[in-house]
Amino acid sequence: MTENKPEQVAKDLAVTIDYKLTIDGEIIDSSEEDGPLDYLHGHENIIPGLERELTGMKIGEQKNVTVAPEDGYGTVDEEAMLEVPRSEFPNEVPLEIGIELEVTDQEGDMLFATIVEVGNKTVKLDTNHPLAGKALNFDVTVVDLREASEEEIAHGHVHTGHHHH
Ligand code: ZN
């Protein structure tokens, strides 16, 4: 069997990218700090709007991608604002606007929340993603491509780099 190195980003390939994420002109995240990102293409390991644009890119190719909020971290949802009685907060949590918390919802899912209002009896939490409602600007370069293993495809993620499980 010959090794056929894939030439273009496609489903079930392990893709290595360099990227820089800019929001409103501010650099939010960059592979310069954390090193290139390895991910499994076609498995929603990364933001859908970015994954779609990466399809078909070749090694060494660079692209600037703007991702609308609905293809990124979602739009701001008013229903994601929760009114919680003060008594439900542990004493060590300072009840101040801007404090970020992790809370568990009725289904037992972990949510990130930010305190947006502090009342006498209740505290209002915003559980929208901090980047909800934001257009995301990515500078992305395809660094490497390889066939993913059957195990990686079965797991839906790569077993290299930062995404080792
Ligand atoms: Zn795994």
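Modeller: We start with D24, which sits in the loop between β1 and β2 (26-30). Keep in mind that this is a predicted model.

Biologist: What makes D24 count as exposed or buried?

Modeller: Exposed means over 50% relative accessible area. D24 has 69% relative accessibility, so D24 counts as exposed. Its phi is positive too, about 50°, although D24 is not a glycine.

Biologist: Why is D12 called partly exposed?

Modeller: Buried is under 20% and exposed is over 50%, with partly exposed in between. D12 is at 24% relative accessibility, so D12 counts as partly exposed.

Biologist: How do you know whether E152 is buried or exposed?

Modeller: The limit for buried is under 20%. E152 has 4% relative accessibility, so E152 counts as buried. This residue lies in helix α3 (residues 150-155). Leaving out residues up to four places away in sequence, E152 touches L40, R146, H157, V158, H159 and T160.

Biologist: What makes the histidines donors of the zinc ion?

Modeller: A donor is an N, O or S atom within 2.8 Å of the metal here. ND1 of H155, NE2 of H157 and NE2 of H159 lie 2.0 to 2.1 Å from the zinc ion, and these are its protein donors. Along the chain their spacing is H-x1-H-x1-H. H157 and H159 are both buried.

Biologist: What makes β6 and β7 a pair?

Modeller: Pairing takes at least two bridges. Five bridges join β6 to strand β7 (residues 110-118), and the two run antiparallel. In one of the pairings, E102 has F112 in β7 as its bridge partner. The two strands form a hairpin with five residues between them, and G108 in the turn has a positive phi of about 85°.

Biologist: Which residues of β6 are on the covered face?

Modeller: L101 and V103 are on the covered face of β6, while E100, E102 and T104 are on the uncovered one. In a regular strand the side chains alternate between the two faces of the sheet.

Biologist: How do you know that β5 and β8 pair?

Modeller: The same cut-off of at least two bridges applies. β5 and strand β8 (residues 122-126) pair over five bridges, in the antiparallel sense. For P85, the bridge partner in β8 is T122.

Biologist: Why do β5 and β6 stand at the edges?

Modeller: The open sheet has four strands in the order β5-β8-β7-β6, with antiparallel pairing. β5 (81-85) and β6 each have a single partner strand, so one side of each is left without a neighbour in the sheet. On average, neighbouring strands of this sheet are turned by 45° against each other, direction ignored.

Biologist: Which residues touch the most other members of the largest nonpolar core?

Modeller: That core has 22 residues, and V9, V15, L50, L54, F138 and V140 touch the most other members. β1 gives the most, with six residues. A second, separate core has nine residues, including F89 and L125.

Biologist: What does F138 contact?

Modeller: Beyond its neighbours within four places in sequence, F138 is in contact with K20, L21, I47, L50, K63, N64, V65 and V67.

How values were computed
Residues are numbered from 1 along each chain as its sequence is written. This is a predicted model: local features need pLDDT of at least 70, side-chain atom pairs count only at pLDDT 80 or more; totals for chains, interfaces and linings use all residues. Side-chain values use heavy atoms; hydrogens and water are left out. A nonpolar core is a set of buried Ala, Val, Leu, Ile, Met, Phe, Trp, Tyr and Cys residues joined through side-chain atoms within 4.5 Å. Buried means under 20% relative accessible area, exposed over 50%, partly exposed in between (1.4 Å probe, protein chains only). Contact means heavy atoms within 4.5 Å. Donors are N, O and S atoms within 2.8 Å of the metal (3.2 Å for Na, K and Ca); water is not among the atoms, so sites may look incomplete. Axes are lines fitted to C-alpha atoms, for helices over the stretch in contact, and angles run from 0 to 180 degrees between N-to-C directions.
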